[in-house]
Structures are given as C-alpha cells and as structure tokens.
Amino acid sequence: MLGARIAAWIGLHDFYCASADDEFRAAVFDSLARQVKHLTRVVPGALDGKALVTAAKGLVYGGFCLPEHERIGQDALKLLERELPRQILPDGGHIERCPSVQLRILRDLIDMRSVLRTARADVPEALQHAIDRMTPALRFFRHGDGGLALFNGGREEDAALVDTVLAQADARGRPLKSAPHTGFERLIAGRTMVLMDTGVPPVTGLDATAHAGTLSLEMSVGKERLIVNCGAHPVKTGPWRAALAGTAAHSTVVLAETNSSEVIEAGGLGRRPSHVGCERQENDGAVLVVATHNGYSRNFGYLHRRRVYLAENGEDLRGEDMLEPVIGATPEPRPFTIRFHLHPAVQASLVQGGQVQLKLPSGAAWRLRASGATLELEESIYLGSGDEPRRTTQIAVSGHTGPAIKTVKWALRRERKGG
C-alpha cells in the first residue's frame, strides 16, 4: 500500500541514505514527493477502515517530513479528525472488530504522533484521544502469553511487538472487562481468562477479513492457551479464506453445517446476524455472560443462545448452548455441532464416562463434560501463528434439534492431583 511505503521510506531514511551520495538522496526525495502527490489525488477515494488510516499516515509522514508539503500534512490531519471518531468506537475498539487491526492502527497512530512531535507540530486532540482509548482495548484482547485473540482474521501477533506498542502509547488505562460497542466480553477469574465474541459482524465494506464466528470463545490459563479459534491464513481470499472464516473453524455452535454468516471467498460477508444481544452479570468474582444471535433464524428458524459462567476461582467454566425455535415457527429438526478447538500444545484424550481430559504443557489438567449431545474428538488445524497450518484437536459435541428448545450443558473444570 502506497501510504505504508511512504511511511517506511521516510522512517528508514537514515538507515539506507546515511552513506549514500547526493544523487541517490535526491532521487529518493524526488520519488517520495511524486508518491505523496499521487496519494493526495486518490485519497480518500474508495478507501475505508484501516486502509484509509494507513493512507493518512503516509500523507502525515510526507507532509511533515518533506520540504514545502506541510499543507498536505495538515489536510491529512483533518481527514483523521473526521475518521477517528467514526472508526474508533466509544469503548476503544476498532470498527473492523479484529484484534490484529487494533494493534496495527494503534501503532500507526503512535507513529503519526511521533512525527508531529519531531516536527514540533500540534498533536490533534482526536489523535491523542484515539490512542488513549485504543490502548486499554488492545490490552483487552491479550491472552496470558502476551499474544492476541483470534477473531475476524486476527493472528496471535508477536508479544514483544504488542509490548512495544503499549509502552509507546504511554496510556495507562487498564484492560476493559467488557467492550459492548465493539461486541466482546472478557471473563477473568484466578488464572483463567475467556474472551467471547458477542457483537454483530462489521458492516459491509469493513468486513473484508471478518469471520462467521459469532458467540465463539477462547480460553487461556495463565500463559497457556486452551480453547482457541483456528485463526487466519496470510492469503485472505480463496479456499483458505472460506475454511478459516467459516463458523466450523470457531469455538461455537454450527447448525446444519451452515455458517452463521455467509462467507464470501473473495472477502467480506453476505447474509449475517442482524441482532446479537448480550447481558453480563458479576457476583463475588464470578462472571456470567448470556448472549444470543439470530444468524440461523431466517434459513432454519432457530436462535442460538449461549450462557457462559466462570466461577470466582477461575477453575470452573460452565456453559449452556440453546437452539431455540423462533416464536411462531415450527422448524425442522437439524443436526448441530458445538466445537471447542484446542491449541496445538494441549493433549486431549477421551476418558470413561464420555468425557475429555485436557493436559496443558505445564502439567495442569482439565476435564470437559457435556450432557444433551454426543461428545467426540476430531482433527483440527491451527493458524494463529506462522504461515503453515499446525495439526491440533477439537472437541465436537453433536446432536439434533427438536420441536422444543434444545439445550446442551457443558462444563470444563480443573482437576486437582489426587482428586
């Protein structure tokens, strides 16, 4: 992208121009000036979301670092002052609902602030305010290993990079418990953390990397990930896009082997839930989240309701997944599967009573039980980090709906030695 290239060329100028001759430096600055002028002609155009912020970054760098280009930089700041209140939601989350995008845009904003300070230019209030709000929201998406959660095309990212961005942000806000505007909940107790997608997908035009993962969850214990979503492939279109953006690649319910949002291989979503409701309750350190989406109502006549409860000691996670017939509808019975994708470091084995024992690398053991459906272990893949898929395991809890509400209860509890 042109904006990113301009910023990179200017940011690394001292590295590749320090020992260069005058002719080379003159050629570099001439090229930069032409690139910046071209960028001013095409922005904003059809750009939106993170792409528009990156373009503005290139204009800020060019405007305040190249001679006689300050007006371009000032116009770019005006563009940001219009865009940031729209793109950065009141809880600090970005409108695209992707943790990796959250990291990228916060980094871009910090870089622009640094350029302005170096140029001794005023930092717009909208820019500083966005940094202050986005920083706690980025912390919200971190697992105990320092990496990010895998929602809507996100990857784990480098924990050291996340640390650096948070340090450079110089904003002390603590991680949020709830991000209702972005549509995520964070349950934390003891050493256990659960992140849950409780929002509607991004709007058309900002959903290029969005996944059909409504009501999916991830869970980590200390620095170890236990339940995950499958992640995203570096190639954002085609078969990998279709597979990893599908509901089956997320730790949630799949009804009739159909995605809760229609996944388009070229990017974006088609049909999607029009409503996702969420309620949160806390009591003496325990947390209960109840969320519902209607992504299956039009085609199949069912609502999916998920109740997730984390006990105050963090060692007891309980859930209920309900498929409820829409009022006035008489839907046909449909097969469903509740999937819990496991991190590749987790060892899973079936034990007596149709339960699954999960062992973490630290030696800690957890046990998952379910009632109201059949529990099995199946193969899965993980693309949360790196460019190659890693083999892993998923727990599949399967059954069929009926004329009444179908409820599956499940519980994941830590095992004590000798217990």
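Colleague: Why does Asn152 count as buried?

Modeller: Asn152 has 3% relative accessibility, and buried means under 20% relative accessible area, with over 50% called exposed and the range in between partly exposed (1.4 Å probe, protein chains only), so Asn152 is buried. This is a predicted model, in which local features need pLDDT of at least 70 and side-chain atom pairs count only at pLDDT 80 or more, whereas totals for chains, interfaces and linings use all residues. Residues are numbered from 1 along each chain as its sequence is written, and side-chain values use heavy atoms, with hydrogens and water left out.

Colleague: Where is Asn152 placed, and which residues is it in contact with beyond its neighbours within four places in sequence?

Modeller: Asn152 belongs to the loop between α7 and α8, where helices (H or I, at least four residues) and strands (E, at least two) are DSSP runs numbered from the N terminus. Once neighbours within four places are set aside, the contacts of Asn152 (heavy atoms within 4.5 Å) are Glu96, Arg97, Cys98, Phe184, Asp197, Thr209, Ala210 and His211.

Colleague: How far does the backbone oxygen of Arg97 lie from a polar atom of the side chain of Asn152?

Modeller: The distance is 2.9 Å, and a polar contact is a pair of N or O atoms within 3.5 Å, where, within protein, one must be able to donate a hydrogen and the other to accept it, and where residues adjacent in sequence count only if both atoms are side-chain atoms. On that basis the pair formed by Arg97 and Asn152 is a polar contact.

Colleague: What accessibility makes Thr252 count as buried, and what does Thr252 touch?

Modeller: Thr252, in the loop between α9 (239-245) and β6 (253-255), has 1% relative accessibility and is therefore buried. Not counting residues up to four places away in sequence, Thr252 touches Thr214, Leu215, Ser216, Thr247, His304, Arg306, Thr337, Ile338 and Arg339. A polar atom of its side chain also lies 3.4 Å from the backbone oxygen of Thr214.

Colleague: Why is Arg318 called partly exposed?

Modeller: Arg318 has a relative accessible area of 38%, so the label is partly exposed. Arg318 sits in strand β10 (residues 316-325), and its side chain makes a polar contact with the side chain of Asp316 at 2.9 Å. Although 92 residues separate Arg318 and Trp410 in sequence, their C-alpha atoms are 5.9 Å apart, and Trp410 is among the contacts of Arg318, as are Arg307 and Tyr309.

Colleague: What is said of the phi of Glu157 and of Asp284?

Modeller: Most residues other than glycine have a negative phi. Glu157, however, has a positive phi of about 70° without being a glycine, and Asp284 likewise has a positive phi of about 55°.

Colleague: How are α4 and α5 oriented to each other, and why?

Modeller: Helix α4 (residues 49-65) and helix α5 (residues 70-87) pack at about 155°, with their axes 8 Å apart. Angles under 35 degrees count as roughly parallel, over 145 as roughly antiparallel, 65 to 115 as roughly perpendicular and the rest as oblique, so α4 and α5 are roughly antiparallel. Residues making the contact include Leu52, Val53 and Ala56 of α4 and Ile72, Ala76 and Leu80 of α5. The contact of α4 with α5 divides into 11 nonpolar, 5 polar and 4 charged residues, where Ala, Val, Leu, Ile, Met, Phe, Trp, Tyr, Cys and Pro count as nonpolar, Asp, Glu, Lys and Arg as charged, and the others, Gly among them, as polar.

Conventions
Axes are lines fitted to C-alpha atoms, for helices over the stretch in contact, and angles run from 0 to 180 degrees between N-to-C directions.
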